[in-house]
Amino acid sequence: MASTMQVLVATAEREVYRGEAEFLVAPGAAGELGILPKHSPLLSALTTGELRITNGDHVDEVFVSGGYMEVQPDMITILSDSAERASDIDEAAAVEAERKAKEVLDTKKDDIDYAAAEAELAMMTARLIWLKKKKK
Amino acid sequence: MASAKEIRTQIGAIQNTGKITKAMEMVAASKMRKAQDRVVSARSYAEGVRRIVGNMMSAHAEYQHPFLVEREEIKKVGIIVVTTDKGLCGGLNTNALKEAIVLMKAQTAGIEVFTIGKRAGLFMKRVGAQISGVAENISDTPELADILGVVTLAIEKYISGELDEVHLVFSEFVNTMTQSPTTMRLMPCPLPEHEEKSGYWDYLYEPEAKDVLEGVLRRYVESLVYHAVLENKACEQSARMVAMKAATDNAKDIVGDLKITYNKARQAAITQELAEICAGAAAAG
């Protein structure tokens with residue numbers, strides 16, 4: 001029997017694929033990469049494309065939309081990005097997060113009123129304790 | 001004493017409230033299970049990225065990525081605070097915010113706050129913290145994209161030198177009854193445990209080592225924050241379930257008390273009526 005390696009493909013939200021493979025073809029950033037077991041350690045960026053995982057006569061195809069692949073002699077880990085994710089989209093999201101912050105903050109002060117903060121939190125805690133006691 | 005009719009209305013109102021809290025309790029229970037499942041299904045990626053970072057640590061000696069290097073002078077610290085969007089979940093947010101305040105007080109450097117969830121945003125605004133990034137209305141099925149904006153912002157600020165450290169505060173799900181507020185340092189990245197592999201070895205990088213390392217480390221930070229958000233969701237639902245159960249029990253107790261009062265009022269009314277009839281009969285006789 002041909003030697004095999006472990007393959008794990010996951011997005012941040014869920015595991016996409018886990019299994020054994022004799023041969024794997026990945027859409028590397030600099031062109032397609034074919035990996036056989038006992039490959040030397042490799043870290044590669046991936047582009048959008050198809051991942052072909054061959055085990056015996058069986059070929060699994062998984063679509064990845066960018067991400068990273070780590071190759072160890074007996075294990076391949078592929079961190080696939082979830083669908084639409086490009087640097088421009090990330091940036092747009094970052095700008096959006098900043099805009100929201102500005103919206104929240106109409107008056108921008110830098111010194112935090114710790115006394116007020118602690119008083120408020122103490123109030124909330126006291127209220128909770130009181131409610132709990134009242135229940136008994 | 002309130003009239004019997006008034007008390008009856010009150011009983012009805014409280015019974016209705018009890019029904020609502022009971023429904024909310026059951027909804028929270030089912031959502032909690034799903035939220036826990038999501039924590040589990042996100043584990044593969046988190047473990048994968050942690051393993052890769054661990055391997056990177058044992059592999060690469062000569063190139064130190066800025067994400068891993070501690071800065072000598074800490075001028076400004078970023079704190080990402082994760083809370084829920086909605087209330088009605090007991091002391092969950094209060095405890096997390098308390099933890100955040102403790103952390104903020106311990107800093108000698110300036111502070112910028114990034115908030116995930118409305119409760120953190122509102123609180124930080126009230127106490128006058130400098131809020132640099134906000135993520136709100138996180139759905140019950142959070143996706144990485146929901147928080148990517150805030151995390152990217154924090155990372156960019158770290159790279160540009162505006163921030164020298166980034167910390168994360170969130171509620172960790174211990175079990176249904178217990179959620180513990182947790183603090184961790186995000187950047188410089190916490191190093192996962194890794195086994196020292198014998199001999200010198202290094203990865204082949206494709207394309208550049210620097211770009212690949214940065215890409216992986218970014219995903220590492222993102223996955224840590226995403227994990228925190230998922231944990232927080234599970235906490236929110238379990239805390240809400242417990243809070244709503246307490247509210248339902250309270251409603252039952254109050255209804256019980258009110259029923260006694262109602263019966264007393266009813267009896268008093270009957271007694272009075274009888275007394276009046278007797279008095280009337282005596283006067284006529």
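Reader: Which residue does Val169(B) stand opposite in strand 5 of chain B?

Author: Thr183(B). This is a predicted model, where local features need pLDDT of at least 70, side-chain atom pairs count only at pLDDT 80 or more, and totals for chains, interfaces and linings use all residues. Residues are numbered from 1 along each chain as written, chains are lettered from A and ligands numbered from 1 in written order, and side-chain values use heavy atoms, without hydrogens and water.

Reader: How many bridges join strand 4 and strand 5 of chain B?

Author: Eight, with residues 165-173 running antiparallel to residues 179-187. Strands here are DSSP E runs of at least two residues, helices are H or I runs of at least four, and both are numbered from the N terminus. Two strands pair if DSSP finds at least two bridges between them. A hairpin of five residues links strand 4 of chain B to strand 5 of chain B.

Reader: What's the strand order in that open sheet of chain B?

Author: It goes 3-2-1-4-5, five strands with mixed pairing. Strand 3 (131-135) and strand 5 of chain B are at the edges with a single partner strand each, so one side of each has no neighbour in the sheet.

Reader: And in which sense do strand 1 and strand 4 of chain B pair?

Author: Parallel, over five bridges. Ile80(B) has Leu168(B) as its bridge partner in strand 4 of chain B.

Reader: Switching to chain A: how many helices and strands?

Author: Two helices and seven strands, in the order β-β-β-β-β-β-β-α-α from the N terminus.
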